[in-house]
Amino acid sequence: MFEKLKLRGKLIKAFRTAEIYRVIKRGDRTSYQFPKIHRIDHQHTYTRYAFSLLNGIDPELLNKKRWALRQVLGSNIEVNGSLKNFSITVHHKSLPKMLNYNYEVIHPHIEKMELPVCIGQDIYGNPVSWDFADLETLLISGEIGAGKSSLMRVILTTWVKYTSPADLRLVLVDLKRADLGLFHGIEHVDALCFEAKDMRKPFAVLRAEMYRRGDLLLENGVTHISRLPFKLPRIVVVVDEMSIIKRETDLVEMIQQFASQGRALGVHTIIAMQRPDADC
């Protein structure tokens with residue numbers, strides 16, 4: 001009982017710090033009404049608070065003031081709910097700093113996807129994955145040594161093991177000459193470029209293929225390659241590191257074309273760059 005009261009007081013302190021309350025003034029007196037706490041579930045690995053906001057309190061405050069909630073409750077918090085009823089789960093352990101790649105562990109979580117991207121695991125140890133087939137472009141940014149190229153290798157390794165060469169074609173650009181060379185000779189790979197001058201021929205071939213696919217969509221009266229009466233492979237262009245070629249305007253323009261026009265045509269782009277504001 002004492003532990004639950006202590007936890008309840010901690011949550012109220014978090015609400016106060018985040019200014020998630022209603023102010024009531026009666027004469028010279030000011031009082032505060034906090035969200036109604038319904039349940040506190042305290043376990044060895046987590047503590048979960050269930051509560052409801054008072055009418056008139058903006059639910060977005062829980063996201064806007066997440067930093068304040070973390071200052072009181074702990075850095076590993078998870079907020080769930082909508083409109084009025086919410087829960088805050090405080091995890092007592094942090095995510096691991098390093099994960100070993102294991103395709104057998106990932107596979108059950110991606111087997112219904114077309115181009116699965118697995119980016120790690122959540123606080124419960126489950127792989128975090130989503131289908132890149134639903135998107136045009138993936139931008140991976142971060143400082144030197146942040147793991148951009150490692151993430152690219154995980155994505156590509158998963159695709160090579162998961163898809164057949166008939167379903168996926170890859171155009172790889174490794175301008176650092178350090179990270180994608182291990183995919184040399186893989187049947188899925190149509191081109192592996194280490195210098196800007198090597199990119200022009202495969203990019204021209206790819207642009208011609210996009211025009212051809214656009215004509216096929218028009219001829220068949222459909223808006224996406226998945227609706228064609230025959231199957232075409234997905235094509236993914238991977239560029240690591242984009243900032244190195246920012247002065248090669250013709251190549252940059254082609255990458256922009258792939259990134260902006262490719263989704264309906266089954267052409268997708270992954271770009272890694274050191275700075276999020278780098279030109280692309």
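1. In this predicted model, the lining of the largest pocket draws at least two residues from each of helix H4 (103–110), strand E7 (116–121) and helix H5 (148–162). The space in this pocket amounts to about 660 Å³. Its lining comprises 22 residues, and those closest to the pocket centre are Leu99, Ile119, Gly120, Gln121 and Val154.

2. Glu114, Leu115, Thr163 and Asp167 contribute to its lining, together with His224, Ile225, Ser226, Phe230, Lys231, Leu232, Pro233 and Arg234. Sorted by class, this lining has five nonpolar, three polar and four charged residues.

3. The packing of two helices is described by the angle and the distance between their axes. For helix H6 (residues 200–220) and helix H7 (residues 249–261), the axes come within 11 Å and cross at roughly 35 degrees. The crossing of H6 and H7 is left-handed.

4. Which residues of H6 and H7 meet? On the H6 side they are Arg200, Phe203, Ala204, Leu206, Arg207, Met210 and Tyr211; on the H7 side they are Asp250, Leu251, Met254, Ile255, Gln257, Phe258 and Gln261. The contact between H6 and H7 comprises nine nonpolar, two polar and three charged residues.

Methods. Residues are numbered from 1 along each chain as its sequence is written. This is a predicted model: local features need pLDDT of at least 70, side-chain atom pairs count only at pLDDT 80 or more; totals for chains, interfaces and linings use all residues. Side-chain values use heavy atoms; hydrogens and water are left out. On a 1 Å grid over the protein atoms alone, a cavity is a set of points where a 1.4 Å probe fits but cannot get out, and a pocket is an open set with protein on both sides within 12 Å along at least five of seven lines; lining residues have an atom within 4 Å of a point. Grid points are joined across faces, edges and corners, and a volume is the space filled by probe spheres set on the points. Helices (H or I, at least four residues) and strands (E, at least two) are DSSP runs, numbered from the N terminus. Ala, Val, Leu, Ile, Met, Phe, Trp, Tyr, Cys and Pro count as nonpolar, Asp, Glu, Lys and Arg as charged, and the others, Gly among them, as polar. Axes are lines fitted to C-alpha atoms, for helices over the stretch in contact, and angles run from 0 to 180 degrees between N-to-C directions. A crossing is left-handed if the near helix is turned anticlockwise from the far one by less than a right angle, and right-handed if clockwise. Contact means heavy atoms within 4.5 Å.
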